[in-house]
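Here is a short report on a predicted model.

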Amino acid sequence: MTKLGAKEKYHAMTRDLMWEPKHFDMKKVYPLIEKEGIILKDPSRWEDPFRMAYNQYVKIQSEKDGIYHAVSNAFEANDGHAKVVDSRWYEGVKIFAVNVQPGEYSAHRIMAYIGRNIPIEAIRFATFNQAIDELRHAQIEIKHYAHMSKQIDGLHNIPATSQNLWLNTVVKSFFDDAMTAGPFEALIAISFAFEYVFTNILFLPFASSAGAVGDDNFAAVGKTVQSDESRHMALGMSALKMLLEEDERNVPIIQGWLDKWYWRGYRMFSVISMLVDYYPRIRPISWKKAFETYVEEQVFNGLFKDLRKYGITLPKFAGDSIKEKEYYSHTVFRILDQYKMANPYRSFKLQEDDYEWLHNEYPKFDQFAPILRRNEEDVFANTSPGLPAVCSVCQLPAEFPNPDSPLELWTQYSEYNGHTYMTCSPGCKHVFDREPEKYTQSWWPAEAYLSGELGEDPIAGMFKYSGLSPEETGEHYTSREHARWLEHRRHLGLDKKLF
Amino acid sequence: MMSEKQAYVGMDLDTSMGSITNALIAAIEEDNEGVIVEDFAVYKKVKAPGKMVVNRETVEEHLGADFDMDQVHLAMSSCFGFIKDWDEEQLIIQWDEA
Amino acid sequence: MTIEPAFKKTLRDQPWDYKTKNVYEEVTLRQQSYVHMHYRNIFDERDFDIYDPRYTRLKSSDWDAFRDPKKYWYTPYVSNRKKLAEEVENGFSTAQGLGVIENLSPQWADAVRDLYTPLRHLEYGENVQMQHVMRYAMGTPIEQCATYQAYDKTGRAQWITQWAINMEEHHGDFLKHGKEILLNDPSFEPLLKYVEEVLVTDDWAEVLIAENLTLDLLLGNLMYREFNKEALKHGDFHLSTMNLVIAKQLDWHRDWAFSLFKLLAEDKAESRWDYLKAVGYEDWEGDYRWGRTLSDPRETPEETMSNPEIIQEWVEKWYPKAFEAVLGLAPLFEKHGIEIDLPATLKKIEEEAIIPIYKKYKLPFKQYEIALS
C-alpha cells in the first residue's frame, strides 16, 4: 500500500475519528446544532491549515514553554521589576492582569463548549487544541502575577477582584455573553472578534511597549501567548468562510454576529488603547497606529475584502470605531482617572514628556489636556464621587463623547419591559436592542453594592470582597508602591546618575 | 467604504528567536516580491502583497542548518491572511480576493 | 542560616490571599469564578448559572478542594506528554527500522486490524464528552484534569491511527476497515452503544464515572495491558511499545478520578450551596436574592440522596454495562484465535486491578456476575 501524504494522514488523525451516532438520535447527541439557524450541507470540504496533531502539539508547546519560563525565571531572579524605566508601567500590567487573565480562562471553557457542540470534524480538533491553549495562557499569566504579587499592590486576590469588582464586569460580560450564546455564535465571538480582530492589538503592541520600558517578562508573555493565537485566528477565519460557503441563508446570520461581536470586542479592548498610549513612559507605538495596522489594514482591508464575495460587509459599526481612534485612549484614561479610588490599578499624574508625546501623536488630545492638567494641583481633582452609570451592554461607564460632536455624550437609551436601559454608544445600543432579554440579566455592580449585597457599608464591602484595600488605589507617583520601587532601586544602586 | 489599496499578508516574527527569525525574513525576501519589513523591536512584521511563500530549502540556506517547518511555530507570533498550505516543504499565506 | 537583606524585596510571602502550597495551586485555585456571572444560556431552559452546582447531583462543601495527585498544570503536562509522544514515535520508528511490522504474521495482522483499529474512534468519542465535563464541571482543579485527560484521549486516538497507518504499509487496509467493524460488527456494537450513551449523559460527574471508574479500567487494562502479552508472543513490538505508553496515561486517569470521588464521597455538605462558604462568602447573603429576571436557584429542590449513594448508583449502572460491552468482543477474540479467555481475563482484571482500587479509595463496588449461557 502507498504511504499517506501529510494531508491524508492529518485527515485520518482528526476528521475521520468521529462517527454518526447509531444508537441515539443525532439531535440528542448534539442538541444545539440546529438552534441558531445555521445550515450545514457538506462542511467536510474545509481543511484545517495548521495540521498540528497531538504529538506535534505537545512537542512544540513544551519547547515554547521552556523558552518562556527561562526568560521569566531570569527576570524574576534579577530584580527585573526594579529595572523598568518607570514603575507606573506596572499599574498598566495590573489592568491587564485582572482583566485579560480571567478572560483567557473563560475562553478555555468556551472552547470546550464549542468543540463539544459543533460536530464538524474539520474544525473540531482546532477547537480542542484551543481549549487547552487558553488554559496555557491563563496559567502563564497567573504564574507571572503570582510572582509580581509579592512585590506590588493590587494583585493578591485576582479571583476576588475578577468576580466582584465593578469594572471587571466589562471583560466578564464579553466572555459570559459568548458562553451563553449558541456554539456557532460563540465560535464567531471568540475566534473572529476576540482572536482574529483584537488579540494582535492586545498582545503585540503591548509586548512592544513592555520591551520598550524594559519589562522583558511581559514582552515574552505577549509573544508566546500570541504565537498560539495565530492558530486560533486561522480557525476563526476558516470557520467563518466555511459557514458562509455552506449555505447562503447563513450569510445574514453571520453578518449579524460580525456586527455584534466586532463592537463587543472593540469595546472590551478599550482599556488597551490607554495601556498603549498612557502607561508606558517610552511608547513604541500609539493606539491609533496599532488600530490602523491591525484592524484597518489587516482586518478591514484584508479579511473583509476576501469576504465580499459572500455578500459580507464591514461590521456595522466599523466606521464608528475608526472615528473614535482619535479619542479612544484619552476618553478611557479620563474615565478611569475619575474612578481611580475604586480600582486596583492606579491612575497617574502625567509628566511633561507625556503631554508632549500625546500632543504630537493626537491633534485631539489638546481637548483633554486641560482636564488632566487639573491633577497637577491635586491628584484627586478629577475624581468623581460614587460609581458611574454603566452601559447595559459593555459595562463601561457610559461617558464616551460622540466623535462627530465631541462636546456631547454618545449615550443612548432603549425601552424594554417598562424600564429604560442606557448604553454607551450606537454600537452597544444595537447589541442591546437585538437581545434585550439577555442584557437585562447582567450583574450590575453599583446596584448590587447599594442594595447591600456586599454588606451594610458598600465601600468597605467592595474592598473586602474584591480583595483590595484603599491604599492600593489612587495615584501612582504619590503611592506607597512608587516609594517602595524607588527604595528598591536605591538598594540595587540603580538610582545613580552615571553620565 | 472598502478602499482598493493593496492588501498585504504576512507574519509578526519574534525577534528573540534570533537566527531563526533572521533566516525566515531573508528567505521570505528572497522568494517573494515586494516584501516590506517593519521593526517593532520585540517583533518584526514581514509582509508581502497578496501572497507569501516560505520555502524550507531557502530558510535552510540562510540558517545554515536543517530546518523543520514546525519551527515556524516558535518564531511566528502572529500572521495575517489565510494559511493556504503548511507542509514539510512550504508555508503559503494568501488572500483569495483582496 | 539566611542573612536578612537590607531591603526586603517582597511585600508578602504568599502570592494570594488564600493559602497555596506550590505552583500547581498558585495557577489552579479559584481560576473559575463562583459568583456574579452575567446571563443565562439562551438555549438552556434550566435557567442555571454559567458555573452552577446543579450541573451535577453531587454536593461539595468546597469545589476548589480537589487536588490532582500528579499536580499537572499546563507546563508540566505538555512537558511530560512530550516525553510520551517521543516514546511512541521512537517505538514506532525502531519497529519500522527492525522490520517488525513486515514480519508480523497475516493472522496476527488480521486480528489487530479487527480488534485494535476501532479503538481510535472510541477513545475519540470519550474525548468529545470530556469536553462537556471541561465546560460544566465545577471548579478549576477538577475541570483541569478533565482537560488533560481529554487531550490524552485525542492523542491516543491519533497514536492508534498512526499505528494503523504504519500497519497499512505492509498489511492492507486498516483505517477504513476499522471504522466498518466499529459501526457494523455485532461484537463492537455494545461498546459503540456504551460510548454513545456516555455522549448523551448530562451530569458531568456521572460522565467521569462512566469513563474513568468503569469502562476505562476494563477496556483499558484489557487492551493496553493484558493484550500486550499476546502481542509479544507474536513479535509485535510495534503495538506493545505504544500500549506501554498508553498504560501510563491510563494510570493517571484512574488515580485522579478515584481521588476525586473519594473526596466527594467523604464530603459532608448538606446543601449544594455550601461551597460558597469555603470560597469566602460565609457571611454573604448571596447573589440569588437579587435576581430580577432570573429564577431563584434555591427553589431547585436539594438532592435527597447522599454522595456515596449517588456514586454507588452510577457505578452500579455503568460497571455492568461496561463489563458486558467489553465481553461483547469475545467472538472477535475467538475468531482470531487470541489466547485470551475473555470472561476469565476480565474477572482477573476485576480482581487485581479494580477491586483493590475501589477498596483503596473506599468506594462502594459490586462485582459483575457473569451469567452462564
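## A bridge and its sheet

Asp12(B) has Lys45(B) in β3(B) as its bridge partner. The two strands involved, β1(B) and β3(B) (residues 43-49), pair in the antiparallel sense over 7 bridges. Strands count as paired if DSSP finds at least two bridges between them. Helices are DSSP runs of H or I with at least four residues, strands are runs of E with at least two, and both are numbered from the N terminus.

These strands belong to an open sheet of 4 strands in chain B, with the order β2-β3-β1-β5 and antiparallel pairing. Its edge strands are β2(B) (36-39) and β5(B), each pairing on one side only. Direction ignored, neighbouring strands of the sheet are turned by 15° against each other on average.

A helix from another chain packs on this sheet. Helix α10 of chain A (residues 216-246) touches β1, β3 and β5 of chain B, and its direction makes about 40° with that of β5(B). Axes here are lines fitted to C-alpha atoms, for helices over the stretch in contact; angles run from 0 to 180 degrees between N-to-C directions.

## Where the chains meet

A contact means that the C-beta atoms of two residues, placed from the backbone, lie within 7 Å. The contact between chains A and B takes 31 residues from chain B and 34 residues from chain A. On chain B, the elements giving two or more residues to this side are β1 (8-14), α3 (72-75), β5 (76-80) and β6 (82-86). The residues on that side of chain B are 16 nonpolar, 5 polar and 10 charged. Nonpolar covers Ala, Val, Leu, Ile, Met, Phe, Trp, Tyr, Cys and Pro; charged covers Asp, Glu, Lys and Arg; the others, Gly among them, are polar.

There are 2 pairs of chains in contact, and chains A and C share the most contacts. Chain B and chain C are joined by no contact; their closest C-alpha atoms lie 15 Å apart.

## Chain B

Chain B has 3 helices and 7 strands. From the N terminus on, its elements run β-α-β-β-β-α-α-β-β-β. Its C-alpha atoms fill a box of roughly 45 × 30 × 20 Å along the principal axes. Its radius of gyration is 13 Å, which agrees with a compact globule of 98 residues. That radius is taken over C-alpha atoms, and the globule rule is 2.2 Å times the number of residues to the power 0.38.

Of the 98 residues in chain B, 48% are buried. Buried means that 20 or more other C-beta atoms lie within 10 Å of the residue's own, all placed from the backbone.

## Chain A

Chain A comes to 22 helices and 4 strands. Its radius of gyration is 23 Å, close to the 23 Å from the globule rule for 499 residues, so chain A is as compact as a globular protein of that length. In chain A, 61% of the 499 residues count as buried.

## A helix in chain C

Helix α5(C) (residues 140-171) has 32 residues and reaches 45 Å from its first C-alpha to its last. The expected value is 46 Å, taken as 1.5 Å times one less than the number of residues. The helix is mostly covered, with 29 of its 32 residues buried. Just after α5(C), Gly172(C) takes a positive phi of about 75°.

## Reading the model

Residues are numbered from 1 along each chain as its sequence is written, while chains are lettered from A and ligands numbered from 1 in the order in which they are written. In this predicted model, local features need pLDDT of at least 70 and side-chain atom pairs count only at pLDDT 80 or more, whereas totals for chains, interfaces and linings use all residues.

Notes. A residue is buried if 20 or more other C-beta atoms lie within 10 Å of its own, exposed if 12 or fewer, and partly exposed in between; C-beta atoms are placed from the backbone.
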